[in-house]
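Trainee: Please walk me through this one, step by step.
Mentor: Gladly; here it is.

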Amino acid sequence: MKIYNTLSQKKEEFIPLEEGRVRMYVCGPTVYNYIHIGNARPAILFDTLRRYLEYLGYKVNYVSNFTDVDDKIIKKANEEGVTSTEISERYIKEFRTDMEALNIREATYHPKATEEIDGMIEMIETLIKKGYAYEKNGTVYYKTRSFKEYGKLSKKKIDDLEAGIRIAVSEEKEDSMDFVLWKPKKEGEPYWTSPWSDGRPGWHIECSVMSKKYLGDQIDIHAGGEDLVFPHHENEIAQSEAANGKEFAKYWMHNAFLNIDNKKMSKSDGNFFTVREICDQYDPQVVRFFMLNSHYRSQLNFSKDLVESAKNSLTRILTAVGQLEHLLKDDILTDKDISVSEQQLIIEAELLASKFIASMDDDFNTADAIAAIFELVKLANTNSTGESSKAFVQAIYDRIVKPCDILGIITSKKEELLAEEIEKLIEDRQNARKNKDFAKSDEIRNLLLEKGIVLEDTREGVRWKRS
Ligand code: AMP
Ligand code: ZN
């Protein structure tokens, strides 16, 4: 697989640090509100990359943090008259709800900044000891110029950056480019005790520390939106490489931004949607499909028309899969031998399936990969009928469903039974038992289990619940 590395600004062959394993860190959200549709872009993309790497046979350790101490959280807590923890816990819960709706898998580790303060203090101490940081009046700063490679990710030069700073240099800092690692508390803020002051960490240090703790000093992939390249990721490199004495991440991946109606998303301008709002209007699968339908390094425009068009495209895929399932499951097809022309079509389908993989291998080009799925759908629609052989239909079905599965697109939902249908089946089962027709009663029990319904025999009768 080739990945475009922001660090080298080239597509590079992906070779993990350790054979068969991938260590991956994706900067997570600051939890002070519902996530917006732009935040969903990296979440969906990198979840899909993880799924693809697993498909390739790697064991992926996927870490994503929650920034649960931050000015915005504190501000919201003060506005509502509640604690910061109450705000962050509330929005972590809402975040998880959105992730589940979008079929984004839970990270291997999902650490919270507030639970990792000791590690942050330890790293800051190391940086001070090594001469990369200094303390002034309870604040600890990173001495940016002491890290000789500063700017290597964002391709910025410290001197140019410095020239662009117009604000008066703070008296405390030795250099205007120095950034905060630890700051003393202000009235009403959450704080932790440290050797320098009662206070809290800066934002950048949390990712360096959590990445080290859960993945080790060196990782394979570090990812996030392109706004994070500078200063966040540049500062993470400066901290981690200075503290650990090793290259931090091998591959840096950044998604381009999502705009709404060709404009930058902005709450005050009214062009701003939460994931929740959009998922109320569309099946979350449409949102997932929409995000994957363009390359992650291209800007993505979000508009009602474009989402509608993604909805129609997804429906075409799901309808084709539904039709193949119908042929396979409803006793329509006979077990006749596969014909020569069908064999030829399977070879074509196999080539399209390889096209899907080749696109994914080419810097995770999900847009081209989806185009290959559409060619498969076309092949299926024109060639599978009630006259087809079962082996042929199964082969085409497998070649469409697998790539969808890799993309996290659910092709066949378990049909949910309605409560009254369940009650009716339970009654039938009770009758079967009364008549000592245990084969039938077992059959009903298994059917219910298949549909995710678990039965419990109690003194008051049979109870059921969805598993
Ligand atoms: P934040 O909570 O602002 O730190 O954002 C969480 C993630 O969403 C980061 O990876 C950001 O780079 C990313 N992000 C924020 N806004 C957008 C957007 N409009 N389009 C794409 N990604 C975004
Ligand atoms: Zn980060």
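**Ligand and pockets**

Trainee: Which element gives the most to the shell around ligand 1?
Mentor: This is a predicted model, where local features need pLDDT of at least 70 and side-chain atom pairs pLDDT 80 or more, while totals for chains, interfaces and linings use all residues, and side-chain values use heavy atoms, without hydrogens or water. Residues are numbered from 1 along each chain as written, with chains lettered from A and ligands numbered from 1 in written order. With three residues, the element that gives the most to the shell is H1.

Trainee: Which residues come nearest to ligand 1?
Mentor: The shell (a heavy atom within 4 Å) holds 15 residues. It divides into seven nonpolar, seven polar and one charged, with Gly counted as polar. The nearest are Gly38, Asn39, Gly225, Asp227 and Leu258.

Trainee: Which residue has a backbone N or O atom 2.8 Å from a nitrogen atom of ligand 1?
Mentor: Let's go through the polar contacts (N or O pairs within 3.5 Å). An oxygen atom of the ligand is 3.0 Å from a polar backbone atom of Gly225, and a ligand nitrogen is 3.4 Å from a side-chain N or O atom of Asn255. The 2.8 Å pair belongs to Leu258.

Trainee: How much of the accessible area of ligand 1 does the protein cover?
Mentor: On its own, ligand 1 has 490 Å² of accessible area, by the Shrake-Rupley method with a 1.4 Å probe. Of that area, the protein covers 86%.

Trainee: In which pocket does ligand 1 sit?
Mentor: A pocket is an open set of 1 Å grid points over the protein atoms alone, fitting a 1.4 Å probe, with protein on both sides within 12 Å along at least five of seven lines; lining residues have an atom within 4 Å of a point. To sit there, a molecule needs more than half of its atoms within 2 Å of the grid points. Ligand 1 sits in the largest pocket.

Trainee: What is the volume of that largest pocket, and which element gives the most to its lining?
Mentor: The volume, the space filled by probe spheres on the points, is about 1,300 Å³. Of its 48 lining residues, the closest to the centre include Gly28, His36 and Asn39. The lining divides into 24 nonpolar, 15 polar and nine charged residues. With five residues, the element giving the most is H3.

Trainee: How much space lies in the second largest pocket?
Mentor: Its lining divides into 11 nonpolar, four polar and five charged residues. The space in the second largest pocket is about 380 Å³.

Trainee: Which residues does a cis peptide bond join?
Mentor: Most residues other than glycine have a negative phi, and most peptide bonds are trans. Asn137, in the loop between strands E5 (133–136) and E6 (139–142), has a positive phi near 50°. The cis bond has omega of about 0°, and Pro231 lies in helix H7. The joined residues are Phe230 and Pro231.

Key
A polar contact is a pair of N or O atoms within 3.5 Å; within protein, one must be able to donate a hydrogen and the other to accept it, and residues adjacent in sequence count only if both atoms are side-chain atoms. Helices (H or I, at least four residues) and strands (E, at least two) are DSSP runs, numbered from the N terminus.
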